[in-house]
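Let's take a walk through a protein model together, one step at a time. Keep the picture in view and look for each part as it comes up.

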Amino acid sequence: MSRRVPEAEGRVVQERRALTLALPRRVHREIVFRIPIRFAWIVLLSMFPGSAMGGPEVRPPDVDRGRHVFFATGGCTCHSNYPEEGDAAPPLAGGRGLKTPFGVFYSTNITPDRETGIGDWSDADFIRAMREGLSPDGQHYFPVFPYPSFSGLSDRDLLDLRAYLGSLRAIRRENRPPDAPFPFSWRPTLIAWKWLNFEPLRFPDAPDRSEAWIRGRYLVNAAAHCGECHTPRTLTGGLDRSRWLAGSREGPEGELAPNITPDRKTGIGRWSIADLVWYLEMGIKPDGDDTQGLMAEVIEHGYSHLPKRDLEAIAIYLKSLPAIEHDLRRD
Amino acid sequence: MRSPFPVARRFRFSSRFPARCLRVGFVSILALGFAGTLQADDSMGGHGGSGEAHIQYRQAVMSGIGANMGAIASILKNGLSMPGHVAIHATMIADSAQLVAPAFKKKVVEGPTDAKAEIWADWEDFRKDIAKMEEAARNLAKAASGKDPAAVGPAVKALGKSCGGCHEEFRKPKEESYKNAAH
């Protein structure tokens with residue numbers, strides 16, 4: 001709406017005035033002042049999470065949920081020295097020697113001890129260690145610690161896991177340096193290793209897959225990190241992605257890790273979903289035999305505590321993978 | 001002329017070794033040989049059928065136990081309706097326990113076997129683990145015949161644990177058996 005205003009020298013200027021002035025005064029005030037002010041409040045408050053009109057709530061870490069994540073990773077069994085110290089091994093205090101073709105690497109203390117464990121780490125330190133394989137002081141971790149797989153864990157799972165680990169008993173035990181020849185014991189070598197072999201895990205969208213399959217994909221590849229043992233390694237110690245989960249003669253501790261692709265001759269093709277679920281719960285194979293070694297431990301301390309629907313998800317995902325024929329006895 | 005080469009001289013056996021020396025020597029060699037075979041628990045298996053036959057028998061005994069375990073698992077994980085079968089299989093496992101120690105009495109570690117030498121080095125622990133298996137199997141049989149179906153799961157788990165407890169100490173992992181020479 002415009003009004004003609006006479007100017008000093010007689011020129012007439014069109015002055016723009018609010019259209020709403022044509023409306024009753026009350027309505028004009030509502031539109032021009034009150035509604036914009038309320039809108040500004042909403043925008044302002046939504047920037048503060050946790051308030052009544054807040055945005056996505058950042059919830060505090062959940063120790064119970066963290067325990068579930070802990071079981072999904074196999075109970076972090078590599079961090080307890082059961083082989084040498086038996087059941088009396090201080091849990092998660094490290095010192096377990098993991099034999100690899102590059103030497104023996106000792107797991108670290110992940111109890112909340114402030115001097116020898118991870119008690120004085122920040123959340124960011126923990127996430128960086130798990131996702132990037134970097135210590136709080138910037139040193140690279142040897143990839144016997146499976147951070148290439150853990151890089152696929154969600155923020156929420158990582159923080160809940162950290163909260164659970166933080167709730168456990170703090171044990172004092174110094175970390176041991178590796179028993180490996182140069183250059184495999186020298187951390188800067190890992191810059192080259194990471195450049196060659198490390199790519200953070202990302203899960204592409206899979207709209208045509210069931211929720212169970214998606215959950216199974218996450219568990220198998222990130223949390224349970226099956227690929228780290230069950231996939232053959234290249235010369236540089238990276239994972240041979242063309243033979244994913246097709247088994248390896250040189251798993252950690254020098255043990256053979258079988259082919260767990262659904263190949264009928266050399267893999268788990270003859271196993272049903274029920275067989276797989278039972279195996280992960282009990283450690284008993286379809287022929288009635290038990291399993292030994294590190295796998296028996298990660299079942300006992302980890303996977304057997306998962307809810308059945310998670311074990312089914314793992315089974316569904318494994319059975320969906322391409323079957324790869326890989327006879328480890330003849331490799 | 002004296003020859004530079006050694007010359008054969010006539011050697012009379014009977015004048016060098018009187019009859020009684022021969023008799024004593026012969027009998028002592030026999031005795032030593034016999035004493036050797038009496039150390040039955042320390043055989044060198046692999047030569048002759050004896051060692052392999054023992055491996056074969058003890059593997060048959062253990063496979064029988066495993067087959068019953070697989071049968072129990074099959075019923076439970078697939079929800080098969082086989083009333084009374086779990087208890088029977090569990091009883092069969094428990095009854096097999098008495099076969100294990102005699103089957104392993106003879107020490108044979110060479111050949112197509114996953115048995116570790118610790119069996120004979122820690123024989124008493126081995127016997128104890130067998131007893132644990134029998135106890136766990138009898139408990140399962142009782143639970144499976146009882147009124148409370150929820151008791152079966154933990155009993156099965158305990159039986160599975162008794163398999164692992166013995167195998168961890170006394171058997172090489174099955175996955176490693178490709179390394180056995182005569183596989």
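A:Glu85 is partly exposed, with a relative accessible area of 29%; buried means under 20% relative accessible area, exposed over 50%, and partly exposed in between, using a 1.4 Å probe and protein chains only. Before we go on, note that this is a predicted model, in which local features need pLDDT of at least 70 and side-chain atom pairs count only at pLDDT 80 or more, while totals for chains, interfaces and linings use all residues. Residues are numbered from 1 along each chain as its sequence is written, chains are lettered from A and ligands numbered from 1 in the order in which they are written, and side-chain values use heavy atoms, leaving out hydrogens and water.

What does A:Glu85 meet in a salt bridge? Its partner is the side chain of A:Arg173, at 3.0 Å from N to O. A salt bridge here is a side-chain nitrogen of Lys or Arg within 4 Å of a carboxyl oxygen of Asp or Glu. This pair links distant parts of the chain, 88 residues apart: A:Glu85 sits in helix H3 (residues 82-85) of chain A, and A:Arg173 in the loop between helix H6 (155-166) and helix H7 (189-197) of that chain. Helices (H or I, at least four residues) and strands (E, at least two) are DSSP runs, numbered from the N terminus. A:Arg173 is also partly exposed, at 22% relative accessible area.

Chain A has a hairpin to find as well: E3(A) and E4(A) form it with two residues between them. Strand E3 (residues 97-100) of chain A runs antiparallel to strand E4 (residues 103-106) of chain A, and four bridges join them; two strands pair if DSSP finds at least two bridges between them. In E4(A), A:Val104 is the bridge partner of A:Lys99.

Now turn to chain B. Its secondary structure comes to seven helices and zero strands. Of its 183 residues, 33% are buried. In helix H6 (residues 123-145) of chain B you will find B:Asp125 and B:Lys128, three residues apart, about one turn of the helix. They form a salt bridge, with the closest N and O atoms 3.9 Å apart. B:Asp125 counts as partly exposed at 34% relative accessibility, whereas B:Lys128 is exposed at 52%.

How do the two chains meet? The contact, meaning heavy atoms within 4.5 Å, takes 25 residues from chain B and 23 residues from chain A. The area buried between them is about 1,900 Å², of which carbon and sulfur atoms give 54%; buried area is the accessible area (1.4 Å probe) that two parts lose on being put together, summed over both. B:Lys77, B:Glu175 and B:Tyr178 supply 34% of the area that chain B buries against chain A, more than any other three residues.

Six salt bridges are found across this interface. In one of them, B:Arg171 pairs with A:Asp290, the closest N and O atoms being 3.2 Å apart. B:Arg171 counts as buried at 12% relative accessibility, and A:Asp290 is buried too, at 4%. Another joins B:Lys174 to A:Asp289, with 2.8 Å between the closest N and O atoms.
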